[in-house]
Amino acid sequence: MNASPPAGAGVSALELIEVSRRYPEGGGVEAIDLEVPRGERLAVVGPSGSGKTTLLRLIAGLERPDGGAIRIDGTPANERPPRRRGLAMVFQEQPPYPHLDVAGNLAFGLKARGRAREEIQGRVREVADRLGIGGMLSRRPAQLSGGERRRVVLGRALATGAGIVLLDEPFSALDPPLRSALRADLIAWQERQGGTIVLVSHDQAEAMAFGHRLAVIRGGHLLQIGAPAEVYARPSHRFVAEFVGDPGASVIRCRIRVDPDAGRIDGLLPGASWTVPRGTPWMEALAGRPRREVDLALRPEHVEPITTEASADSPSLVGRVEGVEPRGFLRLVSARVGEHRLRFWSRPADGPEPGDRVPLRLRLRDASWFDPDTGEEIRTGG
Ligand SMILES: Nc1ncnc2c1ncn2[C@@H]1O[C@H](COP(=O)(O)OP(=O)(O)OP(=O)(O)O)[C@@H](O)[C@H]1O
């Protein structure tokens, strides 16, 4: 798990209260409530067009909210121009200034802020060394690789010493090893220098590895925010279960039936059923709702191939293996069960092959359940 941010001085770096920005053509963000403590790394994920960039632009002051309040370091900021917000932003695919060398790029923000020459030189050297571009200070961007150019743009933002840094897909277009190296350098920098970072990423693994907290946004709404492990394990909305994780969860509509005479509760999903005695808390939580249907979200670790008969309270199904993806130490197996596709992990040595029929057990108690109408989590106390 990612370490918690250091305890701040009690004042949040950022506070958004019911912030909305709706574009006339549709899109934008809607009633966002968000508090970011000082020293936190917050990662924001969501599908394309969900409002992630709009959120950063609102914080940066490049976009005016239609409603709601933005506070930076405890003071109202709605009317504050971008340059007086004490933050630095790196835009998606933003290039370095081509006419300046690396040192000139890194010094740019500090010069604009009127800092003393010695301070600028010291800071440029420090940032450059930290980001692995210390030997390239007199090169022009055209003489750098793509990864080095990204480091320059990132360094330009970090060198300003801004207390809040907003990063919109800062590592896109880099290959995975470069991404993870640059991410590690950024984390190391932030842990040393403090400061607050809000990072928007399409890459979930990156977002999870980067953020003390992960925020999931869809259609302009903030659906969930929490520690990455918590968002993964306890998604508050069906969309979060499907979106977060690689792969996301498979969702299956189930029926819950109470048989008071027999003192039991049955669960039915396509091709399988399970039964528990009345009073079993997690199933009572599902049964005690007006609607009898529930959505079950299964992550790969909730599905396991079995060799023995399943027990009554955990259904077994037979899946037909459709595909096998090598994922390093493990393989991710996709199996078709009726109209659904379930995924599970297997070891290369004993894993099934495409076309095989595999009995699968579902670990229902660890899985998540959602209201089919609202998509909201049904808490089962698990
Ligand atoms: N200046 C604008 N004028 C009108 N509509 C806009 C404007 N900026 C963004 N939008 C719309 O608002 C929605 C959210 O856009 P935004 O750029 O915030 O999404 P995003 O989550 O950052 O997407 P991506 O991951 O593709 O970068 C989109 O539907 C977009 O078309």
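Helices (H or I, at least four residues) and strands (E, at least two) are DSSP runs, numbered from the N terminus. With that in hand, let's work through this predicted model.

**Exercise 1. Find a positive phi.**
Locate a residue other than glycine with a positive phi, and name its strand.

*Solution.* 
- Step 1: Check glutamate 18, whose phi is near 50°, a positive value in a residue other than glycine.
- Step 2: Glutamate 18 belongs to strand β1, which covers residues 12–22.

**Exercise 2. Describe the ligand shell.**
Which residues surround the ligand, and which helix gives the most to the shell?

*Solution.* 
- Step 1: List the residues around the ligand: Tyr23, Glu25, Gly27, Gly28, Gly46, Ser48, Gly49, Ser50, Gly51, Lys52, Thr53 and Thr54.
- Step 2: Sort the shell residues by class, which gives one nonpolar, nine polar and two charged.
- Step 3: Helix α1 (residues 52–60) gives the most to the shell, with three residues.

**Exercise 3. Follow α3 to its two partners.**

*Solution.* 
- Step 1: Start with helix α2 (residues 102–112), which packs with α3 at an angle of about 125°, the axes being 9 Å apart. α2 and α3 are therefore oblique to each other. Their crossing is right-handed.
- Step 2: Name the residues of this contact. From α2 come Val102, Ala103, Leu106, Ala107, Leu110 and Lys111, and from α3 come Ile120, Arg123, Val124, Val127 and Ala128. The contact of α2 with α3 has nine nonpolar, no polar and two charged residues.
- Step 3: Turn to the other partner. Helix α3 (residues 117–130) and helix α4 (residues 146–159) pack at about 135°, with axes 10 Å apart. That angle makes α3 oblique to α4, since only angles over 145 degrees count as roughly antiparallel. The crossing of α3 and α4 is right-handed.
- Step 4: Name the residues here too. Arg123, Val124, Val127 and Ala128 of α3 meet Gly155, Leu158 and Ala159 of α4. By class, the contact of α3 with α4 has five nonpolar residues, one polar and one charged.

**Exercise 4. Continue from α4 to α5.**
Are α4 and α5 roughly parallel or roughly antiparallel?

*Solution.* 
- Step 1: Take the geometry. The axes of α4 and helix α5 (residues 176–193) come within 11 Å and cross at roughly 20°.
- Step 2: Apply the cut-off. Angles under 35 degrees count as roughly parallel, so α4 is roughly parallel to α5. α4 passes α5 in a right-handed crossing.
- Step 3: Read off the contact. Gly147, Arg150, Arg151, Leu154 and Leu158 in α4 meet Leu178, Leu182, Leu186 and Trp189 in α5. The residues of this contact divide into six nonpolar, one polar and two charged.

**Exercise 5. Connect the annotation to the model.**
What does the chain look like over the annotated residues 14–244?

*Solution.* 
- Step 1: Take the range from the record: an unreviewed UniProt entry carries the annotation "domain: ABC transporter" for residues 14–244.
- Step 2: Over residues 14–244 the chain is 37% helix and 25% strand. The end C-alpha atoms of this stretch are 24 Å apart.

Notes
Residues numbered from 1 in each chain as written. Predicted model: local features only at pLDDT ≥ 70, side-chain atom pairs only at ≥ 80, totals over all residues. Near = placed C-beta within 6 Å. Nonpolar A, V, L, I, M, F, W, Y, C, P; charged D, E, K, R; others polar. UniProt positions renumbered as here; feature names shortened; annotations may be inferred. Axes fitted to C-alpha atoms, helices over the stretch in contact; angles between N-to-C directions. Parallel < 35°, antiparallel > 145°, perpendicular 65-115°, else oblique. Left-handed = near helix turned anticlockwise from the far one by under 90°. Contact = placed C-beta atoms within 7 Å.
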